[in-house]
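Here is a structure to talk through, question by question. Have a look, and then we'll ask what backs up each label.

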Amino acid sequence: MNHLAGELFRMLPFIVAAWLFVVGLYGIVTSRHLVHLIMCLVVVQSSTYLLLLGVGYKFGAAAPIFVDIPVGTPAVDPVTHALMLTDIVVEATVMALLLALAIQAEERAGSVDPEQLRIMRG
Amino acid sequence: MIVMQVAVLLFVAITGTAVVFTRNPLHQVIGLAFYGLVMTLMFFIFQAPDVAFSQIVIGAVVIPLMVLLTLAKLKVKEQGRK
Amino acid sequence: MNHQMRTALFLAGGLGFFCFYLWGLHGLPGFGHYPGPYGDIINALTVYQRHATDAVTAVNFDYRGFDTLGEEFILFTSVMGANLLLRKQKDDREEDPPLDRADGRIVPPTSDAIRVAGLALVVPIVVFGLYTVAHGQLTPGGGFQGGVILASMPLIIYLCGDYNAFDRVTSHLLSEIAEAVGAGGYAVTGVIAIFFGLPFLTNFIPLGQTGDVLSSGTIFVISVLTGIEVAAGLVVLMISFFAQALVYRKPGNENRRLP
Amino acid sequence: MNNFLPASPVAVPLIVAALLAAVNRHIPRRIADALAIAASSWCLLACLFLMIRSSHGLIVYWMGGWYPFNGAAIGISFAIDPLGAGAAAFASFLVVVSFIFSAHYFDSIGTLFHVLMLAFLAAMCGFSLTGDLFNLFVFFELMSAAAFALCGYKTEESGPIQGALNFAITNTIGAFLVLSGVGLLYGRTGALNMAQIGKSLGQTHDGLVVAAFVMITCGFLVKAAVVPFHFWLADAHAVAPTPVCILFSGIMVELGLYAVARVYWTVFHGALAEFEAQTRLIFVSVGVLTALVGAFMCFAQRHIKRLLAYSTISHTGLMLIAFALLTHGALAGLALYVLGHGLLKAALFLSAGMLLHHLGSIDELKLRGKGRDAIRVPVLMLLLALGLSGAPPYGTFLGEGMIDDAAKTLHYSWISYVFMLAGIITAAAVLRVAGRVCFGWGDDLDRSQQEEGETDEGRETSGGPDIPATMFIPTLVLLLLGIAMCFIPGIRTRTQMAAMAFTDQAAYQQKVLEHASPPNYETPPQESLVPGMVRGGISTLLAFLIAGLVLLPHPFRRGIAGFSGGVSFILRPLRLLHSGHIGDYVAWLTAGVAVIGGLFAYVIH
C-alpha cells in the first residue's frame, strides 16, 4: 500500500498531465460550441506544462535565479522553464488565430456548432 | 512543501476537468481564468517564477479577454440574425 | 457519425491513449529527480559565461535564443494572421450593429472614482512593465513578461474609461510598425554578430558587471526588442478583437438600439 | 560568409518579412513582390549551395557560438545534410514559383500575403536544417501558424473558414503530441539535441522510448496526413488559395514525413534497431491503408482541388511506405519521389488555379466541355497525370524504381502493386477531369452524384479573358523540371550517398558532438530501370483505360454498370466517414495514436 502511494506520488504530475490531455480531447470531441472547443484545446496544452514542469523539478532545489543564492546552489532546471515560456506564447497565439476563425465561422456560416460546420465533407 | 505540491496538482486536475465540462462558454471563460490562476500558483510552488509571471498575464488576463471579446461578437451576430 | 458513435470511438481511443501515455510516463525518473545534464550545466555556467543571474532569461535569449527568435515570429505571424482573418471584406454590409445589452437597459457611466483609480494605475503599470523588461537578466521577468504587462496598460484604460480612450492611446499603424521593428530587430541583432565574424545570434556586446541593468550583452538588447514586439503585438491583437466586438460603442453609434 | 550562410535561410526571409510588415501598404505591390522573390531566391541559392557543400559531410552550425560542453549540447545546432538542405531548397523554389504565380492574387491585403509566406518559408527552412528536437517543434508551430492564416485567407466564404478550423485544430493537437514526446525524451536524457538524445538512449527500448517515438511520429504524421490523421488535408487544400496549395501539397505535407525520418534516424534508430522488422510492418500497413483510402476518395471527387488533395494523401501513403522500409536505398528513392511528386502536384494545383481564374469554377461537372477555349490547361493536366502514374520519364518514376529495388531485397516486392494501384487510380481521376473539361466527354451535371459537401469555390482573382503568362509559364516550368530531373547525371548515385549519410546514426552523433570527420561511403551499384519502365507503362495504360471507361457516353456504359455499382458500394461508407465534423477528426486521431501505440507496446513486450 505504501509502495503504491509512493508510486502514485512519484508519478503525480505526470498522471495529471496525461489526464488533462485526454480530458481536453474529450471536450474537443464532444463540443457543441467552437469557443468551448478552443478552451478545451487550452486544457490539452496545459498538459504539456505539467509534463515539462514535473520533468525539470528537483526536490529541495531553488529557482534558477542566482541573485540571493550563490552559484552552485542546487536549482531546478531552467531549460524546461524556457521551453514552457515558449509554449505559453504558442498557446496565446494559436488561441488568437482560432478565435478569429470562430468569429468568421459565425459570420459566414451562421453557426459555431461543429455539427453545423460540415460543409467540407465527402 | 510536499503537501502543497500534491494539493496544487490535484487542484489543477480538478479545475482543468471542470473547465472542460462547463459547456456554457461564458461560464467556462471564468473557469479558464481561474484555471490560469491555479496554474500560476503551481508554477510558483514548483520554483518557476519566470513561467508564473507569464502565465498570470497570459492565462488569467489575455486569453480570457480574447475569449470574452469573441463571445461578445458572437452574441451580437446571433442577436442580429434573430 | 452521430454523437454516440463519435463519443464511443473517442472513449475507446482515449482510454487506449491514456494507458499508453502513462506507460511511457512510467519510465520517467519520477518527479523531483531531474536527471540533467542540460539544466545543471546551464545553472553552473550562466553567471560566469553570460553575467546573467536569471538562468531562464539566459537560456531564452542566448543559449536557446534561436528558439525564442522562432517564438517571436510565431507571435508576429499569428498577429498578422489574425489581421488577415479579421480584415473587413469589401462586401461586408455596413450593418447597424445592435447593442450588447438588453433592450432599454442603460449602461451606467463610468464613475470618476474609477477613472481616477485607473489613471493612477496606469503609471505604476508602465513603470513596472519597463522595470520587468529591463531586469530580465537579473530577476524573474524579461522582455516577454514585461511586454505583456505593458500591453495591459491600454486595457486598463479601456476598462476604466471607454473604448474611445482606448482608441486614442493605441495606434494600429504605430503598433504594427513597432511589432515589426521588435521582431525584425531580433533577427537583425543576430545578423550583426556575423559582421564581427561570429555565428548567428552570438553575443557581441561587452558583458558588463554582473547585477547591472546594462549587463549581459545582447541578452539585454534582445530582451528590450522582445518587450517591444510582445507589447505591440498584443495591442494589435486587442485592437483587432475590439474592432470586431465593439464597433457599436464608437461615437455616433451610441444611441442606437436593437430594432 | 561561412558564419552567415547556414543561418541565412531562416534569417533573411524573417528580416524581409518584418520589413514588409513595417511598410505594409505604403510600397507598391510590385516592389513587395520583388523583395519577396529576392528573399526566397536567396534561400534557394543558399540551400542549394549548402546541399552541395554538405555532400562532403554534415555541416554543423552552432547558433550563438555555443559549442558542446563536455559532449553535451548547450545551444541549438543546425545539422545540415544534403537531404535536409535539398528539402529546404525545394521549399524555397516552390515559394518563388508561388510568388510569381500569385501576381494576380491578393490585391486587397497589401503585403500581408508576402509576410506570411516568408515566415512560412523561414519555418520550412529551419525545420529542414535544425538538429535540435525542440527547435523542430518551434518551427513546426511557426509553419502551422502561417499556414492556418493563409488557409483561411478567403474569409468571405464559409468553406475556407471551416477548412482552416479543421486544419488548425488537428495540427495543433499534433504539435502537442510532438511536444509531449519531446518532454518524455528530455525527462529521460536531459538533452534536446537530437544527436545527444540518440547517443544517450543507446539501445534502451522501454515504455518511455516507445511512447516518445509513437507520440512524436504520430504528431508529425498528422502534418503528413496519414490515415487516420488525414482528414484535415482535403479540407484545407480544397479551400486554400492556389498559390498556397502548391506549398501545402508540394512540400509541407512531405516535411511532416521528413521530420519522422529525421527523428527516427537520429534519435530512435539505435533504440529500436531490434524491432526494425516490426516497425517496418506497422508503418508499411499504415502506408498501404493511406494510399488506398486516398486513391479511392480521390476518384470520387468532383471538386478538382479536393480531388488533387486526396491524390496527395494517396501519394503520402506511398511515401510512408518508402520510409517504412527503413533502408537508405528506399530513403533515396523517397527523396526523388518527393521531388518528382512535389513538382507535378504543384503544377496540377496551378492548373486548377488557372481553370478557376479563367472559367470561374473548380467543379469538374460544371466545367464539362468548357475547357475548349483554354485548351492549354487540360492538356497540361493530362501530361501531368502521366507523372502521377509513374510513367517514364517523370521524376516519380525514378523514385518508384529505387523504392521497388529496395523493397525487393526485403521481400516486400508486393508493395510495387500498391504503388501501381494508387498511381493508376489517381492518374485516372486527373485524366477523367482533363477529358471531361476539355472535350465534354462523360456525364453532364444532371446525373450528378449525390454530392453532400462543397463542390465549388469562388474566384480568387478578378478573372480574365485569357491566362496570363505569370500563371502559365511557372506551371510549364514545373512540368519540364519534373521530367528534366530524370536526366540530371548521377542523380540516383548522389541521392543514395546522401541517404547513406542521412541514415548513419553513429556518424551523425560523432560529427555533431565530437566534430569527427565523416566516413567515406562506397558508391552503390545502380539497378536497371527497365522493370520500372514496364510497370510505369502498364500503369499509364490502365489509367487511360479507366478514365476512358468512366468518360464513355452513357449507352456504352451499361456493361460496366455492375463495376461502378461495386465501386460506389465501397465508396459510400468511406465518404460518409469523411464527415467534415471536427469532433470525428479528433476522435479518429486519438484512436489512431492509440492503435499505433498499442501495436508498438505489443511488439516490445
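**Chain D and its neighbours**

Q: What share of the contacts in chain D with a separation of 6 or more comes from residues 24 or more positions apart?
A: In this predicted model, residues 24 or more positions apart make up 84% of those contacts in chain D.

Q: How much of chain D is buried?
A: Buried residues are 68% of its 605, where buried takes 20 or more other C-beta atoms within 10 Å.

Q: What makes α3(D) largely enclosed?
A: Of its 20 residues, 19 are buried, so the rest of the structure largely encloses α3(D). As for its length, helix α3 (residues 82-101) of chain D reaches 28 Å from first C-alpha to last, close to the 28 Å expected at 1.5 Å a residue.

Q: How do you know which residues of chain D touch chain C, and what are they like?
A: The test is C-beta atoms within 7 Å. By that test, 66 residues of chain D are in contact with 62 residues of chain C. Elements giving two or more residues to chain D's side include α1 (8-22), β1 (59-62) and α22 (582-604). That side divides into 43 nonpolar, 18 polar and five charged residues.

Definitions and conventions: Residues numbered from 1 in each chain as written. Chains lettered and ligands numbered in written order. Predicted model: local features only at pLDDT ≥ 70, side-chain atom pairs only at ≥ 80, totals over all residues. Buried ≥ 20, exposed ≤ 12 C-beta atoms within 10 Å, placed from the backbone. Contact = placed C-beta atoms within 7 Å. Helix = DSSP H or I, 4+ residues; strand = E, 2+ residues; numbered from the N terminus. Expected span 1.5 Å × (residues − 1). Nonpolar A, V, L, I, M, F, W, Y, C, P; charged D, E, K, R; others polar.
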